[in-house]
Structure formats: structure tokens, C-alpha cells
Amino acid sequence: MSSSPQEEKKEEKKKEENSSSWKDFIYNPRTGEFMGRTAVSWALIFLFYLFFYGFLAGMFSLTMWVMLQTLDENVPRHRDRVASPGLVIRPHSMDISFNRSEPARFSQYVRHLESFLQQYNDSIQERNDLCLVGEYTEQDREQEKKVCQFKRSLLRQCSGLSDTAFGYAEGKPCILVKMNRVIGLKPRGDPYINCTAKRDSPLLMQYFPSEGRLDKMYFPYYGKKAHPDYVQPLVAVKLLLTKDDYNVEQTVECKVEGSDLRNNDDRDKFLGRVTFRVKVSE
């Protein structure tokens with residue numbers, strides 16, 4: 001059935017009223033309201049939230065300022081989770097693989113070692129202090145912390161000075177081992193780096209400095225800001241591979257021994273130790 005003319009007029013009137021009500025909600029020219037509020041009402045709401053969020057921002061800033069006053073810019077407040085340092089190696093790779101007859105295959109490792117050792121150049125380290133061997137270099141009261149010399153030449157055959165290829169061209173690569181920095185660390189005993197190959201027969205290695213010692217004079221470290229020129233001691237390990245060792249992946253684990261530093265935590269395989277793989281071909 002078709003609707004009557006009266007019903008059609010009623011429907012059109014409803015549509016016009018609905019349309020008019022939406023337009024009046026957005027802006028009502030009779031009352032001057034926008035979105036149901038006058039300009040004064042909107043201004044009061046804006047001022048309320050401006051003061052409210054300004055107050056919150058001020059409280060947050062004050063809280064942060066008070067907290068920062070309790071912090072030492074040189075020493076972290078909580079250091080219980082890093083009581084022992086991790087070990088890392090250079091070149092920065094856990095899988096070192098190359099052909100000793102092709103310099104292009106090991107040039108990346110050589111460049112990495114050469115770049116890393118620039119800060120250990122003798123000309124730079126001679127500006128630093130000669131410290132007492134076997135004694136901690138404690139400087140708690142000194143404003144300007146001195147840095148103990150660690151000359152690149154101490155690494156001898158792995159210094160890159162006499163052999164610019166760091167042993168890679170002869171198939172006897174050098175690996176640099178260092179401990180991560182931990183502020184205030186003073187390892188007890190006589191720490192040294194010891195590396196072993198995970199295989200049936202032992203793998204011959206040479207250590208530089210002698211016996212892989214990490215002398216106490218390089219400890220403690222006072223932080224990046226208080227100790228900006230500090231360089232940690234290194235131990236170079238030269239793997240004396242033979243032709244029988246070529247084309248075979250050698251897994252080597254290095255640990256810090258002779259001290260109270262942890263090196264056997266199963267939850268952290270880099271705490272006091274590091275494992276890497278070397279494969280040389282010709």
C-alpha cells in the first residue's frame with residue numbers, strides 16, 4: 001500500500017527536524033553555542049585542563065629533579081647485578097673463518113684489530129702514567145683520575161707492529177680478549193686469561209702479555225666521566241694451528257682464572273668467559 005500525502009509530509013517534517021537538530025548541535029545561531037557549549041563554557045574547560053595538566057607536569061618534573069639529586073653522575077647506584085665482568089673478543093665475531101692464502105678473506109679481521117688497537121698506540125699510551133705492577137691504582141680522593149699505560153707493543157707478535165697481518169696470513173691468527181668495564185671492580189688474587197680448545201688433543205697457544213696476566217694496576221675503573229681516557233688491559237691469544245688443524249672448525253673457550261671473578265654461571269655464558277670458533281683453510 002502507498003502512504004498517504006499526510007504521512008509523507010510528516011516524514012519530511014521529521015527529516016527536516018533531525019537535520020536541524022544536528023546543525024543546531026554543531027552551532028546554534030540562536031544561543032551562540034558550539035557543540036552544546038558557549039564560548040565562555042569552552043574557555044573555562046580549557047583553563048581547567050591547562051592548569052590541571054600543568055600541575056601534573058610540574059609534580060612530575062619536581063619528582064624527577066629530587067630523584068636525580070640522589071644519583072652520582074660517575075657511579076651507578078645499583079651495581080649488584082654486574083659484580084663480575086663478561087669477556088669479549090676482537091675481532092668482533094664469534095665465527096672466524098678465512099683462507100690464509102687469500103688476503104681478501106681475512107682483511108676484515110685485520111682492519112678490525114688495527115682500528116681497535118689505535119687507542120693503544122705507544123705514542124698515545126706514553127702520555128699516561130707508569131703505575132705500580134701488582135698494586136691497585138686507587139684514586140678515590142683524586143678529582144682527575146690518572147690512566148695506567150698499556151702499550152700496544154706489549155702484545156708483541158699480536159700487536160700488528162712486526163706482523164701487520166696479526167698472524168692471519170700464516171694461519172696462526174691472533175685473538176684479543178678483554179674484560180668488560182665494571183666501575184669499582186678490584187679482582188682479588190692474580191687474574192689471568194686461560195684458553196682451551198674443545199677437542200681431544202690440546203691446541204698450542206701463545207699469550208701476550210706473558211701468561212695472559214691482567215695486572216691489578218689497571219683496576220679499579222671509575223666510570224666514563226671520571227675516567228674518560230681509561231683503556232682496559234688486553235690479552236692476545238695466538239692460536240698456533242698446524243696444517244692438520246686446517247679445514248677443521250676449532251672451538252675455543254677463554255676464561256678469567258686466578259681470582260674471585262665468576263666464570264661458570266650457566267645462565268650467562270659470557271660472564272667471565274667467552275667461546276668462539278675458528279676455521280682456517282689454505
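Helices, which are DSSP runs of H or I with at least four residues, and strands, which are runs of E with at least two, are numbered from the N terminus. With that in mind, let me take you to R156, which sits in the loop between α4 (122-125) and β5 (174-179).

Before going on, please keep in mind that this is a predicted model, in which local features need pLDDT of at least 70 and side-chain atom pairs count only at pLDDT 80 or more, while totals for chains, interfaces and linings use all residues. Residues are numbered from 1 along each chain as its sequence is written, and side-chain values use heavy atoms, with hydrogens and water left out.

Back to the loop. R156 has a phi near 45 degrees, a positive value in a residue other than glycine, and F166, which is found in the loop between α4 and β5, also has a positive phi, of about 55 degrees, although it is not a glycine. Are these residues buried or exposed, if buried means under 20% relative accessible area, exposed over 50%, and partly exposed in between, with a 1.4 Å probe and protein chains only? R156 is exposed, with a relative accessible area of 54%, whereas F166, at 1%, counts as buried.

Next, the sheet. Strands of a sheet pair through backbone hydrogen bonds, either parallel or antiparallel; here, two strands count as paired if DSSP finds at least two bridges between them. In this model four strands form an open sheet in the order β4-β10-β9-β6, and the pairing is mixed. Because β4 (95-99) and β6 (192-197) stand at the edges and have a single partner strand each, one side of each is left without a neighbour in the sheet. Inside that order, β9 (residues 250-257) and β10 (residues 273-281) run antiparallel and are joined by six bridges, and C254 has V274 in β10 as its bridge partner.

Let me also point out two peptide bonds. The bond from R90 to P91 is cis, with omega near 10 degrees, and P91 has its place in the loop between β3 (87-90) and β4. Another cis peptide bond joins F208 and P209, with omega about -5 degrees, and P209 lies in the loop between β7 (205-208) and β8 (234-239).

To finish, which residue can you look up to see the contrast with F166? Exposed R156, at 54% relative accessible area, is the one to look up, while F166 is buried at 1%.
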